[in-house]
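Dear colleague,

I am passing on a structure that will be new to you, and my notes on it come after the model itself. Please have it open while you read.

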Amino acid sequence: MPKIMIENIFEEIREICNHPWKSELLFQDKIIWNRLWASLDVIEDSQIAIDDYSNLPEFSQNENGYLYVYGILHALYLQQDALCNLNKSLFGQDIDFKKDYPELYNIREIRNNSIGHPTDRGNGKSFHGISRMTIQKRGFQMMSSFPKTGEEDEFTDINILSCIETQGGLFKVILNQTMEKLKSDFENHKLKFKDNKLIDLVHKSIDYHFSKLYENINRDYALVEINFETIFETYNNIKKGIIERYSSLSALSGIELNTEMLDYLFYRLKRDLIENKIEDKLELRLFIDALKSHFEELKSMVKEIDEEFSS
């Protein structure tokens with residue numbers, strides 16, 4: 001697969017996986033999170049090894065041939081393992097190479113027979129060896145013996161360059177499918193909230209309720225608790241809506257910091273303004289000012305969330 005192709009695909013996959021909605025879901029399970037990023041890194045890193053092999057000049061067994069052959073076959077195998085673990089981390093499913101991608105499975109078998117377990121495959125089922133004199137960039141000849149079954153020895157021509165081409169083409173298809181499924185999952189998630197805007201949770205009378213908090217500073221306004229609870233309920237409904245969209249408030253650092261401040265301000269005002277009003281009027285005004293300011297900031301943030309989920 002051309003380097004530019006895998007870089008473009010991975011840029012999109014990484015971008016989706018780094019989106020707060022997806023990253024928060026993934027980060028909830030540290031094993032899945034680490035499997036995902038290790039897999040992405042290994043797919044790219046092994047591609048570098050594959051590209052390096054493709055750019056090698058012709059060689060023989062006496063010109064680092066074994067090193068190159070061992071390296072490329074393991075790089076191909078390792079890349080497939082990483083793809084399987086990428087699929088597992090994102091969708092909870094293994095890839096059955098033998099059933100779904102027999103061409104890739106054949107490459108795995110070539111690696112296992114020639115350099116993976118050539119001295120004893122399948123508990124004596126077969127034994128294999130590379131013909132030293134045949135090693136070249138294009139490939140090599142492999143001899144296989146089957147003493148258990150009595151089958152005749154086989155001499156198989158292995159075309160490494162063909163393996164690289166086959167894997168590159170199929171990886172392009174599979175990674176594109178992965179990317180499209182990620183996009184589809186996100187679009188389906190957004191559709192659930194397209195006509196359900198967070199900002200609509202803020203009633204037009206919210207400023208009136210804040211004004212009553214200020215009014216209670218200088219006199220005992222009997223219904224102030226209702227105004228306070230109205231604001232507090234609106235705030236909690238917004239938080240619930242954000243969690244429904246992103247799994248957690250911590251998915252968005254700005255939201256997390258702002259809600260931490262608001263949680264504290266609601267706690268202090270409930271205690272010092274509603275339940276047991278303190279005499280320090282300036283402190284009460286400062287707390288109400290801070291509450292209103294951070295609430296306005298939260299409104300701006302949810303408008304941005306609404307915009308993303310309506311696109």
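The notes below go through a helix pair, a strand pair and some salt bridges.

Please keep in mind that this is a predicted model. Helix α10, residues 253-275, and helix α11, residues 281-310, have axes that come within 9 Å and cross at roughly 145°, and this crossing is left-handed. The residues that meet across the pair include I255, M261, L265 and L269 in α10, and F287, L291, F295 and L298 in α11; by class, the contact has 17 nonpolar, three polar and four charged residues.

Turning to the strands, β2 (residues 139-146) pairs with β3 (residues 151-159) in the antiparallel sense over seven bridges, and Q141 stands opposite D157 in β3. The two strands, β2 and β3, form a hairpin with four residues between them, and in the turn G150 has a positive phi of about 80°.

In the whole structure, a search finds 18 salt bridges. One of them joins the side chains of E187 and K190 at 3.4 Å, N to O; these residues are three apart in helix α7, so about one helical turn separates them. Of this pair, E187 is partly exposed, with a relative accessible area of 38%, whereas K190 is buried at 8%.

Another salt bridge links D220 with K277, whose closest N and O atoms are 2.7 Å apart. Because D220 lies in the loop between α8 and α9 and K277 in the loop between α10 and α11, the pair ties together parts that are 57 residues apart in sequence. Here D220 is exposed, with a relative accessible area of 65%, while K277 counts as partly exposed at 29%.

Conventions. Residues numbered from 1 in each chain as written. Predicted model: local features only at pLDDT ≥ 70, side-chain atom pairs only at ≥ 80, totals over all residues. Heavy atoms only, no water. Axes fitted to C-alpha atoms, helices over the stretch in contact; angles between N-to-C directions. Left-handed = near helix turned anticlockwise from the far one by under 90°. Contact = heavy atoms within 4.5 Å. Nonpolar A, V, L, I, M, F, W, Y, C, P; charged D, E, K, R; others polar. Pairing = 2+ DSSP bridges. Salt bridge = Lys/Arg side-chain N within 4 Å of Asp/Glu carboxyl O. Buried < 20%, exposed > 50% of the residue type's maximum accessible area, 1.4 Å probe, protein only.
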